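Here are my notes after going through the model you sent.

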2 protein chains.
Amino acid sequence: MSQTEQDLRVLRLLQGQPDITQRQMASELGISLGGLNYCLRALVEKGWVKMDNFSGNPNKLKYAYLLTPNGVRAKTRLTAHFLKQKLAEYEALKGEIERLKTEVAQPRGSK
Amino acid sequence: MSQTEQDLRVLRLLQGQPDITQRQMASELGISLGGLNYCLRALVEKGWVKMDNFSGNPNKLKYAYLLTPNGVRAKTRLTAHFLKQKLAEYEALKGEIERLKTEVAQPRGSK
DNA sequence: CTAGCCTGTTCAGCGACTGAACAATGACAT
DNA sequence: ATGTCATTGTTCAGTCGCTGAACAGGCTAG
């Protein structure tokens, strides 16, 4: 999976559910905790996600992961980008599948 | 891309064109020369591909990359495997595309 | 106060590469 | 023969996106 696609999946998850633990995110996306932390850090670095202390207590470990305005814009842009890309993929798969069917039906070297 | 899919792409390339340079292969597959060499080495290690000196001269650098009998069997098996997987991917993409269309049409936070 | 649980953080290691340098060979011109 | 050059495969340090495991800080129940 490409990094930008992973980004979009995280953004989608957070927009619907800002108060979610990193472990829940990781499980939802099917990756490890360390891996998710790595992705999330990159999103914060890009300014797309902000980690806010939950309920205003400065010493709590639990965070809310909020999309910044730039994050919302990025999500819209990425969504459009992947819609386009996935439509192309879809068409490409048709051809790929036909080719595979042919090869399975008539393997070279068969008698 | 998964390693096994990359394997299949290399096998397909070689079955059609055993006398091809590593640079041509890399270019065809859209990866670097070092990367292709890495993949190819793994295929030789698995016994799916044999590197033969071209034209019987033991000191030539140019090789022919031949599929072994096991290589041919592996290619058939992988082809069937990916046919099945890609049909599933195809179905999954339909849903994914519909979801993306909805999000593009009705972005959250729009007035 | 202590034990246990839930948080996020960190880090060594790994797989699949990239990019660049390198080395061996053959062909060609001088 | 000798020097140059293009063409080949090989090697290696470094990067990226992770995994799995250990770690540390804070809350809650007993």
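1. One definition before anything else: a polar contact here is a pair of N or O atoms within 3.5 Å, and within protein one of the two must be able to donate a hydrogen and the other to accept it. Keep in mind, too, that this is a predicted model.

2. With that in hand, look at A:Asp7, which sits in helix H1 of chain A. Its side chain makes a polar contact with the side chain of A:Lys46, at 2.8 Å. Is A:Asp7 buried or exposed? A:Asp7 has a relative accessible area of 2%, and the cut-off for buried is under 20%, so A:Asp7 counts as buried. Setting aside neighbours within four places in sequence, A:Asp7 is in contact with A:Leu43, A:Trp48 and A:Leu78 as well as A:Lys46.

3. Next, the nonpolar core. The largest one has 48 residues. The residues with the most contacts inside that core are A:Leu14, A:Met25 and A:Leu40, along with B:Leu14 and B:Met25. Take A:Leu40: beyond its neighbours within four places in sequence, A:Leu40 is in contact with A:Val10, A:Leu14, A:Gln22, A:Met25, A:Val49 and A:Tyr65.

4. On to how the two chains meet. 23 residues of chain B are in contact with 23 residues of chain A. The area buried between them is about 2300 Å², and carbon and sulfur atoms give 69% of it. On the chain B side, B:Arg12, B:Tyr90 and B:Leu100 lose the most area to chain A, together 24% of what that side buries.

5. Now DNA strand D, which is surrounded by 21 residues. The closest are A:Gln3 and A:Ser32 from one chain, and B:Arg23, B:Arg41 and B:Tyr65 from the other. By type, the residues of this surface divide into 8 nonpolar, 10 polar and 3 charged.

6. Some phosphate distances to check on screen: a phosphate oxygen of DNA strand D is 2.6 Å from an N or O atom in the side chain of B:Tyr65. For the side chain of B:Arg41, the corresponding distance is 2.9 Å. With B:Gln22, a polar backbone atom is 3.0 Å from a phosphate oxygen. The elements giving two or more residues to the surface near this strand are helices H1 (3–16) and H3 (33–45) of chain A, plus helix H2 (22–29), helix H3 (33–45) and strand S2 (63–67) of chain B.

Notes
Residues numbered from 1 in each chain as written. Chains lettered and ligands numbered in written order. Predicted model: local features only at pLDDT ≥ 70, side-chain atom pairs only at ≥ 80, totals over all residues. Heavy atoms only, no water. Near = heavy atom within 4 Å. Helix = DSSP H or I, 4+ residues; strand = E, 2+ residues; numbered from the N terminus. Nonpolar A, V, L, I, M, F, W, Y, C, P; charged D, E, K, R; others polar. Core = buried A, V, L, I, M, F, W, Y, C linked by side-chain atoms within 4.5 Å. Buried < 20%, exposed > 50% of the residue type's maximum accessible area, 1.4 Å probe, protein only. Contact = heavy atoms within 4.5 Å. Buried area = accessible area lost by both parts, 1.4 Å probe.
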